[in-house]
2 protein chains.
Amino acid sequence: MTQITPQRPALDALQALDARDPLAHKRAEFLLPPGVIYLDGNSLGALPAAVPARLDHVTRQEWGDALIRSWTANNEGGRDWMALPDRVAAKVARLIGARPHEVAVGDSTSVNLFKALSAALAVADAGRRVILTDADNFPTDLYVAQGLNALLGGRYELRPVPAADLSAHLGPEVAVVMLTQVDYRTGERLDLAAVTAQAHAAGAVTLWDLAHSAGAFEVDLNGAGADFAVGCGYKYLNGGPGAPAFLFVAERHHAAPVALSGWMGHADPFEMARDYAPAAGARRFVVGTPMVLSLSALDTALDVFADVDLGALRAKSLSLTETFMALLDGIPDLTLVTPSDPSRRGSQVSYRHPQAREAMRRLVERGVIGDFRTPDILRFGFTPLYLSHAEVYHAAQAVQDVVQELRA
Amino acid sequence: MTQITPQRPALDALQALDARDPLAHKRAEFLLPPGVIYLDGNSLGALPAAVPARLDHVTRQEWGDALIRSWTANNEGGRDWMALPDRVAAKVARLIGARPHEVAVGDSTSVNLFKALSAALAVADAGRRVILTDADNFPTDLYVAQGLNALLGGRYELRPVPAADLSAHLGPEVAVVMLTQVDYRTGERLDLAAVTAQAHAAGAVTLWDLAHSAGAFEVDLNGAGADFAVGCGYKYLNGGPGAPAFLFVAERHHAAPVALSGWMGHADPFEMARDYAPAAGARRFVVGTPMVLSLSALDTALDVFADVDLGALRAKSLSLTETFMALLDGIPDLTLVTPSDPSRRGSQVSYRHPQAREAMRRLVERGVIGDFRTPDILRFGFTPLYLSHAEVYHAAQAVQDVVQELRA
């Protein structure tokens, strides 16, 4: 028998929540395989139902039939590939509290981190030499900073500290504070506005990684006075495997130098001038020719958000994670590592478990897909657009069963 | 009446050439719109017939159904996205005279230029401070060098000189010689082996842009002793709009520093280590998560080359461009800017014309798609995989007619 805690929500109560879920209709806008409860949209978002037809159209009509003419044809239906990065940027901007001309879409998150960090260092006070970051930041963020700093002759010190100690390290030597808002392992969410204010008070420039934020809840970059940010297209934005990422550059920093200066960020790409002259706004941070197939999938994926109230999105996300935690409260061998305070939580719940890798293997076998993160983390992501409370109930039941099995 | 030169090939003679074309069967492996003669594969390659089904499979099965499991599933049919960049790299390697572990696929050509140039400068003799390049190099090559040099505090001098004067500038101050093998405007082809040898004799490192070479004719990078190269996935490789580009790093330079160091180039991405440790070989130059949709299209596009003899490809390419030039020989107002010496020609033919923009507009209206390049260039690319001599005949006829119209 599985252990029942007094607060354990009942299935019928959860079904009643689902019945009045204002986002319930969004589930039909995704294609999910039968028999699967998908708790890994924080790693790869599910397939929006409109994407296959869009890709087929882009491939057969725009590429196959219209060929080179699609670059500049001002037709309906997604052509005019030159403007596609800007159209996608405008859709991302709404989700992160940015203005369209402050967002550039294209390249991977890692490459955008490089662009953002090089620009952030350039606008930081000249004498400051420390890049302050969370020691548990997602590895690629650390690697990009290491690579850039080596390229710059080791001029900076990358200082990774525990998240809890960040404010203690905010001294006059800090040039840039580079943080991921939601920890990819624990799901802990930082207060973007408060940390930004703190960094600014210390004279530092901020660079936020919104990989686990954008599309999971409303982000208000301009409301927080943020400087630079990057984010991922393939997690909560559901843009497909390796989808183009985005870069936010606050308008006041648009004159920052563009380290990765390519022809698609030029003021007039087809002038074929010998000298780089940046395009207006964040478009200058678009580098080479955009990957139109991947970018088109992201473009269509973002349309799912068009009628979504971001407050309702956050409310449902918290309800789902709250429910999951309540259902698993007190289960032996599971140690919650995600904050139970909702304001400190993203849209994921993680537990330590002594046999986490094997536990996740068994869960996936049962159709409950989360993921394992080294060394001992069971990670479950909750995408409010396509998950129900009833699914959360069944997923929690599977977790209990597997944990029980492993104790036996 | 159009003017006929004595050497003008006759249509029936050209049809006879087509009848014994060893590559004629490749035409059926492309989807081209009816009524179009496509002479712009040097800008955007045509759609390989197998691509739409591959994209649909990747989207619905690999992404939609298998979801996150596709990253590591070692199944047939294109899954195992972690290894996809390496599989595509091996297919590119064969076309450019490289070994598979010397090629990295992903990111745009511009981003790869940045990676290659930063690595080339790092392995060049420390005292050398000049990046020597062709003043008529494709603009993004110049922009990338400008951006990198500015990031490095202007430590280098970017020296653009006319291609004809390159050897005169190969002094002891030259760190890197950065050249595009085939000029995007004139179609002039440099002798990759000879120029590489000359650069090496002068103590410089070479960086070749193969945008208009790879897939148009055989390239032998290792035969030439080349150091670094980049190339484009969406021109003669037919990988689709903005397809991932490639980077070649000769094995002897694999220890060069990786400026764009991301988690997908890490020796063990899922170890989630805090410090970057490069993967073996050129894989270290893969940066962020690959754009799987675009990369899968390129993967399938490259399969078209699997049974293609690269010598036959070059022979047909020269026969097509030779035929086109012979048909247009002596036409008033058309000034050939492409070398007539076949060894100095890529797979394109360009003419100056006083009303080039309007002439190309009229040609496109008639279904002959080439392109206009500022200020006065009519550019025609010849992809030997899907063009026939008979099409070249009809295209040349259309050019003659339009030129005649514009004189009237």
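Contact here means heavy atoms within 4.5 Å, and axes are lines fitted to C-alpha atoms, for helices over the stretch in contact, with angles from 0 to 180 degrees between N-to-C directions. Helices (H or I, at least four residues) and strands (E, at least two) are DSSP runs, numbered from the N terminus.

The model is predicted: local features need pLDDT of at least 70 and side-chain atom pairs count only at pLDDT 80 or more, whereas totals for chains, interfaces and linings use all residues. Residues are numbered from 1 along each chain as its sequence is written, chains are lettered from A and ligands numbered from 1 in the order in which they are written, and side-chain values use heavy atoms, with hydrogens and water left out.

**Sheet in chain A**

- An open sheet of 4 strands has the order S11-S12-S15-S14 in chain A, with antiparallel pairing; strands pair if DSSP finds at least two bridges between them.
- Its edge strands, each pairing on one side only, are S11 (335–336) and S14 (371–373) of chain A.
- S14(A) and S15(A) (residues 377–381) run antiparallel and are joined by 3 bridges.
- Phe372(A) stands opposite Leu378(A) in S15(A).

**Pockets**

- A pocket is an open set of points on a 1 Å grid over the protein atoms alone, with protein on both sides within 12 Å along at least five of seven lines; a cavity is a set where a 1.4 Å probe fits but cannot get out, and lining residues have an atom within 4 Å of a point.
- Grid points are joined across faces, edges and corners, and a volume is the space filled by probe spheres set on the points.
- The volume of the largest pocket is about 940 Å³.
- Its lining comprises 38 residues, with Ile68(A), Phe270(A), Asp371(B), Phe372(B) and Arg373(B) nearest the centre.
- Two or more lining residues come from each of H4 (109–123), H5 (139–151), H10 (356–365) and S14 (371–373) of chain B, and H10(B) gives the most, with 5 residues.
- By class, this lining has 15 nonpolar, 11 polar and 12 charged residues; Ala, Val, Leu, Ile, Met, Phe, Trp, Tyr, Cys and Pro count as nonpolar, Asp, Glu, Lys and Arg as charged, and the others, Gly among them, as polar.
- The second largest pocket holds about 720 Å³, and Asp371(A), Phe372(A), Arg373(A), Thr72(B) and Phe270(B) lie nearest its centre among 28 lining residues.
- H10(A) gives the most to the lining of the second largest pocket, with 5 residues, and that lining divides into 13 nonpolar, 5 polar and 10 charged.

**Cavities**

- The whole structure has 5 cavities of 30 Å³ or more.
- The largest cavity contains about 170 Å³ of space.
- Of its 19 lining residues, Thr109(A), Phe138(A), Ala211(A), Tyr234(A) and Lys235(A) lie nearest the centre.
- H4 (109–123) and H5 (139–151) of chain A each supply at least two residues of this lining, which has 7 nonpolar, 9 polar and 3 charged residues.
- The second largest cavity has a volume of about 120 Å³.
- It is lined by 13 residues, and Gly106(A), Asp107(A), Thr289(A), Pro290(A) and Met291(A) are the closest to its centre.

**Ser213 in chain B**

- Ser213(B) sits in the loop between S8 (205–209) and H7 (221–224) of chain B.
- Ser213(B) counts as buried because its relative accessible area is 0%, buried being under 20%, exposed over 50% and partly exposed in between (1.4 Å probe, protein chains only).
- Not counting residues up to four places away in sequence, Ser213(B) touches Gln181(B), Val182(B) and Val219(B).
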